[in-house]
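Please take the reader through the structure shown here, chain by chain and then contact by contact.

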Amino acid sequence: METFLFWFCGAAMVLGGLMTVVQRSAVVSAVWLIFAFVAAAGIFALLHAPFVAILQVLVYAGAIMVLFLFVIMMLQGPVLEGERRRMKPALWPAVAIPPLAVLVLVGTRIADHGTAAFTTPLPAGFGSPTHVAELLLGRYLLAFELISIALLVAIIGALAIGKEERKLPWK
Amino acid sequence: MEVTMTHYLVLAALLFLTGMTGFIVRRNAIVMLMCVELMLAATNIVFAVFARAHADGGGHVFILMNFAIAAAEAAIGLAILVEIYRRRRTVNVDDLKALME
Amino acid sequence: MEAMYAFFMDKAGMGQAGAHVTVAAIMATLMFIVMALCALVFTWMERKVAAFLQSRWGPMRTGRWQGWAQAVADMLKILGKEDIIPAEADKALFIFAPLLVLLGSLLAWAAIPWAPGFVAADLDLGLFYIFAVSSMVIIGILMAGWASNNKWALYGAARGAAQMVSYEIPLALAAIPVVMYTGSLNTQDIVIAQQGGIWNWFIFRNPFLFVSFFLYFVASIAETNRGPFDMPETESELVAGYHTEYTGMRFAFFFLSEYANLFLVSMIAVLLFLGGWWAPIPGLDFLPAALTFVIKGVLMVFLNMWVRWTLPRVRVDQLMHLCWKVMIPAALICTVGAGLWMMASGAAG
């Protein structure tokens, strides 16, 4: 069962990622990206991270991607219909070779050393909200507080950038 | 075939490479931001894999941090794009070369 | 549910995986039928409630008693309509959007505990899961508005998405005090914690929870895009909002999803604050658990309709003001207050 779910979610996620890159329309790209994120939630669930899996749907698919879709729709115009110029064919190898090289490296490494299985047994309640919360408000309290300040700064920054400029008398 | 740690890591690598290629190939700044989100999601999977491998929830905590970073990045990035669009009527990065010439 | 698993594994001789798939299929079909039924009942009920509040009769002719067959007639009419896809529409997204909206509601229904042990998906993170999958509805609405390629649809979708994303925050914050009391996100555990008469329901546990209930109720009205917060569908400005271009079966999906969401938020209100399947007083114990639950849910739906047909529509800026400057601070105060109350009364561990 786990094997089937892994291949199913993994294939869905790779498909979603590829379609995000390939589709010419920004809206269709965003929809495929949402698809990939929902599949990623499945992968998290398989990795015994249920809390993270649901947050993935709630935060990524439910909030961040809604923001993206919102902005795409707000800026509707011919610009967003797709790329106007295709990439020069001469540049294709330059784009394709680095990822392929990485994949070949990874492939040879796996061929030499084989695959590594999960060996450490998991404690009960691993990845549950209680478990994550205890870490978040205990061992990682400082990081938690800092990230909240980062978010606050981001909110203020986005407001400051996005605000319509008022017509000032000396301008 | 049993699913091992390597499978998950290869999946994450594939996603990261897809996002990276998309970031280089696409010229629409909004789609480029979405490719960055894809790369962040790939790193999140790696965090989850190692949290599972070491039975340590710290990985999950850092996924949450990554969510916050992704949200902040999307909010600010999109605010900047909206502002650019207001001034230049485009979000195509090929047209935004005022500093290049 | 255990009995169902046992039946399929022992009597029908299926393996564990087979039994799980069969039970899941049965529950999904059941949920879909209940959803369609409740859309039928609620359309009729909405018309009668609206008529009653406006001193009219409402539908009287179809069927014999109080025009009960009006909803059935409406449904047959909708299914018989021509299926139109606008020439300028983005075809794939246009077809996919109503399905996504329906999927979001249907997935959330899976975690509703109808009776002790009878829940399609008994998840440890049930409540959290419900909030997460209902956010799929927002994406469906945005897609519908965009794909229609129509300015009213797009405005409706943009308003709807802004409103639903904003009101999700007070909605979830209002549920947090309850989760603090229960110490679990499992929907069944939340109901079980309210056993023993009306005074053990979470709404009456302490004053902060009482306020939380009303915050939840107001947020849930906004979340279902119903009056007085029905800006996405204002017929006087936007024709019909994001589903302006939809006809026939595809429109029926939006319609079904609207009533399914209405019943969903009402049932969540019941399971969070109003004691789920427990009877309010000992004398009413003879009713089956599921019936008690549904009756409470329908009463909440009635309250929702009452509000819709009584209050005038608010403006967009008033809506956002209410959410960000009133309800979110109030919900945060309630969360902290409920926590302090728990510590003071010794309920916290």
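The centres of domain 1 of chain A and domain 2 of chain A, taken over C-alpha atoms, are separated by 23 Å. Domain 1 covers residues 1–81 and domain 2 covers residues 128–165 of chain A, with bounds that come from an automatic or database domain assignment. This is a predicted model, in which local features need pLDDT of at least 70 and side-chain atom pairs count only at pLDDT 80 or more, while totals for chains, interfaces and linings use all residues. Residues are numbered from 1 along each chain as its sequence is written, and chains are lettered from A and ligands numbered from 1 in the order in which they are written.

Chain A has 6 helices and 0 strands, where helices (H or I, at least four residues) and strands (E, at least two) are DSSP runs, numbered from the N terminus. From the N terminus on, the elements of chain A therefore read α-α-α-α-α-α. Of the 171 residues in chain A, 33% are buried, a residue being buried if 20 or more other C-beta atoms lie within 10 Å of its own, exposed if 12 or fewer, and partly exposed in between, with C-beta atoms placed from the backbone. Two residues are in contact if their C-beta atoms, placed from the backbone, lie within 7 Å, and among the contacts in chain A with a separation of 6 or more, 57% are between residues 24 or more positions apart.

Chain B has 3 helices and 0 strands, which follow one another as α-α-α from the N terminus on. Its C-alpha atoms fill a box of roughly 50 × 25 × 20 Å along the principal axes. The radius of gyration of chain B is 17 Å, whereas a compact globule of 101 residues would have one near 13 Å; this radius is taken over C-alpha atoms, and the globule rule is 2.2 Å times the number of residues to the power 0.38. Buried residues account for 48% of the 101 residues in chain B, and 47% of the contacts in chain B with a separation of 6 or more join residues 24 or more positions apart.

Chain C has 12 helices and 0 strands. Its radius of gyration is 21 Å, close to the 20 Å that the globule rule gives for 349 residues, so chain C is as compact as a globular protein of that length. Along its principal axes the C-alpha trace of chain C spans about 60 × 60 × 40 Å. In chain C, 44% of the 349 residues count as buried, and residues 24 or more positions apart account for 76% of the contacts with a separation of 6 or more.

How do the chains meet? Of the 2 pairs of chains that touch, chains A and B have the most contacts. In that pair, 68 residues of chain A are in contact with 65 residues of chain B. On the side of chain A that touches chain B, two or more residues each come from helix H1 (2–22), H2, H3, helix H4 (92–113), helix H5 (129–136) and helix H6 (141–162) of chain A. The residues of this side divide into 52 nonpolar, 12 polar and 4 charged, where Ala, Val, Leu, Ile, Met, Phe, Trp, Tyr, Cys and Pro count as nonpolar, Asp, Glu, Lys and Arg as charged, and the others, Gly among them, as polar.

The contact of chain A with chain C takes 19 residues from chain A and 20 residues from chain C. On the side of chain A that touches chain C, the elements giving two or more residues are helix H2 (26–46) and helix H3 (50–74) of chain A, and H3(A) provides the largest share, 13 residues. By class, this side of chain A has 17 nonpolar, 2 polar and no charged residues. Chain B and chain C, by comparison, are joined by no contact, and their closest C-alpha atoms lie 14 Å apart.

Within chain C, the axes of helix H6 (residues 151–182) and helix H12 (residues 316–345) come within 9 Å and cross at roughly 10°. That makes H6(C) roughly parallel to H12(C), since angles under 35 degrees count as roughly parallel, over 145 as roughly antiparallel, 65 to 115 as roughly perpendicular and the rest as oblique. These axes are lines fitted to C-alpha atoms, for helices over the stretch in contact, and angles run from 0 to 180 degrees between N-to-C directions. The contact of H6(C) with H12(C) has 21 nonpolar, 4 polar and 1 charged residues.

One residue of helix H6 of chain C is C:Ala174, which is buried, with 28 other C-beta atoms within 10 Å. Not counting residues up to four places away in sequence, C:Ala174 touches C:Ser212, C:Leu215, C:Tyr216, C:Ala219 and C:Ala331.
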